[in-house]
Amino acid sequence: MRTHRDPSFVRDAAGSRTYVRLFTVVALVVLVIDQVTKVIAVEKLQGRDSIELVPGLLSLTFLRNPGAALSTGAGFTLVLSLIAIAVCIGVIRTASRLRDKGWAVGLGLLLAGALGNLVDRIFREPAPLRGHVVDFIDYGVFVGNVADIALTFAAIIIVWRAWRGIRLDGTREEKS
């Protein structure tokens, strides 16, 4: 059994802190960007027509979304809030095992995305845990926000790392 006096234990703990720090910085930076852009969207876009940025491709359109992606599950806002809380707890608990930069970034983005939309569900109207998420980035097919972008990139990174057989601790799975 390794103890805190074992050099490999100390090296592992220091390495873990590096990846947990990266995870935390990614999560906090993206969460702040998400919340700041939502505040700006509410101030500048609410009640206005869409602002076309790239004709036919990208515009700014203010929406309040009670559901998940593409407004699915609009009647299940409380359930979506509880799922987001569970995801955040699970991701935070997992972070202590991080020893891989890709996983640290991917899980940081996952936490930021889940927290970004959860903050809306907790603090926005109509009620706590039933609040509507502020969406404003209109891709023509759907309207989202920075948290949604973070969730998309998190999924890509996590699937990529798993597909390549890279574990949270940075080791590779043996191919059979």
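**Contacts, strands and surface of a predicted model**

In this predicted model, 65% of the contacts in the protein with a separation of 6 or more are accounted for by residues 24 or more positions apart. The elements that make up the fold may be taken in order. The protein contains 4 helices and 4 strands, and from the N terminus on these follow the sequence α-β-β-α-α-β-β-α.

The strand pairing begins with a hairpin. Strand 1, which spans residues 51–54, pairs with strand 2, residues 58–65, in the antiparallel sense, and 3 bridges connect the two. Within this pairing, Glu52 lies opposite Ser59 of strand 2. The hairpin leaves 3 residues between strand 1 and strand 2, and its turn includes Gly56, whose phi is positive at about 75°.

Strand 2 also pairs with strand 3, which covers residues 133–138; these two strands run antiparallel and are joined by 5 bridges.

Burial and surface complete the description. The protein has 176 residues, and 35% of them count as buried. Its accessible surface amounts to about 10,600 Å², and carbon and sulfur atoms contribute 66% of that area.

Technical notes: Residues are numbered from 1 along each chain as its sequence is written. This is a predicted model: local features need pLDDT of at least 70, side-chain atom pairs count only at pLDDT 80 or more; totals for chains, interfaces and linings use all residues. Side-chain values use heavy atoms; hydrogens and water are left out. Two strands pair if DSSP finds at least two bridges between them. Buried means under 20% relative accessible area, exposed over 50%, partly exposed in between (1.4 Å probe, protein chains only). Contact means heavy atoms within 4.5 Å. Accessible areas come from the Shrake-Rupley method with a 1.4 Å probe; for residues, only the protein chains shown count as cover.
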